[in-house]
Amino acid sequence: NLSRAAQLINKSNQFHLTTTRYNANEIKAFQEQKDKFLRCFTLTDRFGNNGLISVVILEKQKDKSLSIDTWVMSCRVLSRGVEDFIMREIVTLGKDLGVKHIEGKYIPTKKNQLVEGLYGRLGFTLKKEDQAAVFWELPLSGEKPAYKSFIKKRKGPNDGS
């Protein structure tokens, strides 16, 4: 998945919240850092196997938050509930890590306007905004948004199956 993950991060523009770019070596190095978490998502539906369709890079911060460094997704799977499924997975990881909130950042470009309101739709609250970026926060205490998705998680080779 490493080369496809790098390709997706470097070529996707429409669903790319921060437009960060990482090469395969940088992505591989993230896997060795205890405070960074790389999640790759594949999707198979009634039309066939779509392969690797999304990459999320997360970083646990010292202030007990989980920061979404990069979230990119292939435009060919939009409007299928994948965003809700992935957010549910991010929340689960955050809870497992014992963080108090999840932070998201949106850096607007001419090409990524599609995801401008994503964090708001996913239940985040606006934390601050400046000329370069919009910062969002989702507390992990209290009631969580219901992420509706018909997508089912399948266990992979690292999940004991």
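So, Tyr-22 and Asp-69: their side chains make a polar contact at 2.9 Å, where a polar contact is a pair of N or O atoms within 3.5 Å, and within protein one must be able to donate a hydrogen and the other to accept it, with residues adjacent in sequence counting only if both atoms are side-chain atoms. Keep in mind that this is a predicted model, where local features need pLDDT of at least 70 and side-chain atom pairs count only at pLDDT 80 or more, while totals for chains, interfaces and linings use all residues. Residues are numbered from 1 along each chain as its sequence is written, and side-chain values use heavy atoms, with hydrogens and water left out.

Where does Tyr-22 sit? It's in the loop between helix H1 (2–11) and helix H2 (24–30); helices (H or I, at least four residues) and strands (E, at least two) are DSSP runs, numbered from the N terminus. Tyr-22 is buried, with a relative accessible area of 14%. Buried means under 20% of that area, exposed over 50%, partly exposed in between, with a 1.4 Å probe and protein chains only. Leaving aside neighbours within four places in sequence, Tyr-22 is in contact (heavy atoms within 4.5 Å) with residues including Ala-6, Ile-9, Phe-30 and Ile-57. Ala-5 is 17 residues away from Tyr-22 in sequence, and 9.3 Å away C-alpha to C-alpha.

Now H1 itself. Ala-5, Ala-6, Leu-8 and Ile-9 are buried there. They're on the same side of H1, because they cover an arc of only 160 degrees around the axis, taking the directions from the helix axis to the C-beta atoms. Ser-3 and Lys-11 are exposed on the other side. And what do the buried residues of H1 pack against? That would be H2, S1, S2 and S3.

On to the cores. A nonpolar core here is a set of buried Ala, Val, Leu, Ile, Met, Phe, Trp, Tyr and Cys residues joined through side-chain atoms within 4.5 Å. The largest has 31 residues, and Trp-71, Ile-86 and Phe-124 are among those touching the most other members. H3 (82–97) gives the most to this core, with seven residues. Apart from it lies another core of 12 residues, with Ala-5, Ile-9, Tyr-22 and Val-72 among them.

S5 (residues 125–129) and S6 (residues 134–139) pair in the antiparallel sense over four bridges; pairing takes at least two bridges found by DSSP. They form a hairpin with four residues between them, and Thr-125 stands opposite Glu-137 in S6.
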